[in-house]
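Here's a quick briefing to read alongside the coordinates. Keep the viewer open and follow along topic by topic.

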Amino acid sequence: MKPRNPWPAAYARLVLALLALVLIGWGTGQWLFVLLLAAAGALVWDFINLRRLEHWLRLTRKLDPPQSLGLWGEIFDGLHRMRMRARERDKQRRNLVRNYRDSIKAMPDATVVLRADYRIDWCNQAARDMLGLQWPRDEGQRISNIFRHPEFVAFLDRDSRETKSLSLPSPVDGRRWLEVRLVPYAKKRHLLLARDTTALRRLETMRSDFVANVSHELRTPLTVVYGVTETLEDGIGDHPELARSVHLLREQAERMKNLVDDLLLLSRLETGDGPRNGEWVDVPSLLGGVAEEARLLSGQRQHRLDLDASPGLLLLGNERELRSAFANLVFNAVHYTPEGGQVQLRWFADAAGGHFQVRDTGIGIEAQHIDRLTERFYRVDNGRSKSRGGTGLGLAIVKHVLMRHGAQLKIDSEPGKGSTFTCSFPPRILRQPLGTREPVRA
């Protein structure tokens, strides 16, 4: 409701007071005395009301305003309404903050409010149980001084405004695993969230162990079957009607053996930690060997395969894993590029890090499939993939190898125009010795 305007009534009272002064001055003939007396009365009235206002604002907490008349009464009432609205807003804010904190306290996930320098402002009960924090005792403490896990400290030091996550054991109970996320909000403030993922990690470990155990148990009988088929092929002799059956048996045994080998490798990549003490891998030399194998794989299809590798650009990691990832990308390009097509391999570095790029002029991939290519057993075209002898695990292996090396995979493709797969490695695991050498080309 809009307050009424007090000025018309104030003007009316002023006019009446002036008329009264004129009449009194005319009747008494003491114009100057009457005017001085009226001015003094007005000053005393204003002084009394100013004193009431100051006393009410400074010393009293009661809501009722001082009693007065005229314009001063309207001012007191207006200030009273403003104070009431301000108190109501403060009450709503306090209730909102209280409800906000109560809701966060009830969350099963640990929640920590951090300042720009990662000092603790507040945390809930779950943060005390999972992270070992105590509030208000730890208020103002930098969280890395309390939670000193090396990976967590390095995690905080990454300068990024994007949401980040990390999986690591709880400092309170090493048997519990937490997924920790750092969410920036407001102006240079952060929200640290930690979720208990022990059950999920245990389930994932059980699944990986199951796959690894089953694959390991299958390896021996498959090796026997594969060996027997080779013996049968050598002993068939004059029985051409059996040759095709034995040949198909050997092909399928070899395919199952490759599948088991890929499953074992993928299981090891998923459950193992990243290469902490890796070796400096001579990537140009490694790619030279992969390129030669790709040419043998191409055979009579006569692909044009080019390699351009920066000389002496080394990568810190696991050579066996990197070879597996690079070979999967290159062999896929050969498999899915038509006869006489071109496959280009590049290994180079820039300010963003090191990059291994495989570009082909193959059949390409539709956009809706790209995000799912690294899933296990995902195939764009089942019939075409199986005819080429693939296991459906190659890109899943590539993804996990890159993750273990802190790298990322980017896929660009257009149907009918080919595909480009780019593996980008962080600068910290690159090294290029001094001296100039000719780039490796093949």
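Predicted model: local features only at pLDDT ≥ 70, side-chain atom pairs only at ≥ 80, totals over all residues.

- As background, nonpolar side chains tend to be buried together in soluble globular proteins.

**The cavity**

- The largest cavity holds about 40 Å³ of space.
- Its lining is made up of Arg-207, Ser-208, Val-211, Leu-263, Leu-266, Ser-267, Glu-270 and Arg-376.
- Two elements give two or more residues to that lining, namely helix 6 (198-236) and helix 7 (240-271).
- Helix 7 gives the most, at four residues.
- Sorted by class, the lining has three charged, three nonpolar and two polar residues.

- Strand 8 (residues 314-317) is joined to strand 13 by two bridges, and the two run antiparallel.
- To find that pairing in the viewer, look for Leu-315 opposite Leu-430 of strand 13.

- Strand 1 (residues 110-114) and strand 2 (residues 120-123) run antiparallel and are joined by three bridges.
- In this pair, Val-113 stands opposite Trp-122 of strand 2.
- Five residues lie between the strands of that hairpin, and Tyr-118 takes a positive phi near 65° there.
- Strand 11 (residues 408-414) and strand 12 also run antiparallel, and seven bridges join them.
- Lys-410 faces Thr-422 of strand 12 across this pairing.
- The hairpin of strand 11 and strand 12 has three residues between the strands, with Gly-416 at a positive phi near 85°.

**Helix 5, face by face**

- Helix 5 (residues 150-157) has Phe-152, Phe-155 and Leu-156 as its buried residues.
- Looking down the axis of helix 5, those buried residues fall within an arc of 95°, so they line one face of the helix.
- On the face turned away from the buried side, helix 5 carries the exposed residues Pro-150 and Asp-157.
- The general rule behind such patterns is that an α-helix has 3.6 residues a turn, so residues three or four places apart point the same way.

- Tyr-118 is in the loop between strand 1 and strand 2, and its positive phi occurs in a residue other than glycine.
- Tyr-118 counts as buried because its relative accessibility is 11%, where the cut-off is under 20%.
- Gln-302, in the loop between helix 8 and strand 7, has a positive phi of about 55° although it is not a glycine.
- Gln-302 is exposed, at a relative accessible area of 60%.

**Pairs apart in sequence**

- Gly-289 belongs to helix 8 (residues 283-298) and counts as partly exposed at 26% relative accessibility.
- Gly-289 and Arg-323 are 34 residues apart in sequence, with 9.4 Å from C-alpha to C-alpha.
- Met-107, in the loop between helix 3 (70-106) and strand 1, is partly exposed at 33% relative accessibility.
- Met-107 and Gln-125 are 18 residues apart along the chain, and 8.7 Å separates their C-alpha atoms.
- Gln-252 is part of helix 7 and is partly exposed, with a relative accessible area of 42%.
- Gln-252 and Leu-222 are 30 residues apart in sequence and 10.0 Å apart in space, C-alpha to C-alpha.

Definitions and conventions: Residues numbered from 1 in each chain as written. Heavy atoms only, no water. Buried < 20%, exposed > 50% of the residue type's maximum accessible area, 1.4 Å probe, protein only. Arc of directions from axis to C-beta. 1 Å grid on protein atoms, 1.4 Å probe; cavity = no way out; pocket = protein on both sides within 12 Å on 5 of 7 lines; lining within 4 Å. Points joined across faces, edges and corners; volume = space filled by probe spheres on them. Nonpolar A, V, L, I, M, F, W, Y, C, P; charged D, E, K, R; others polar. Pairing = 2+ DSSP bridges.
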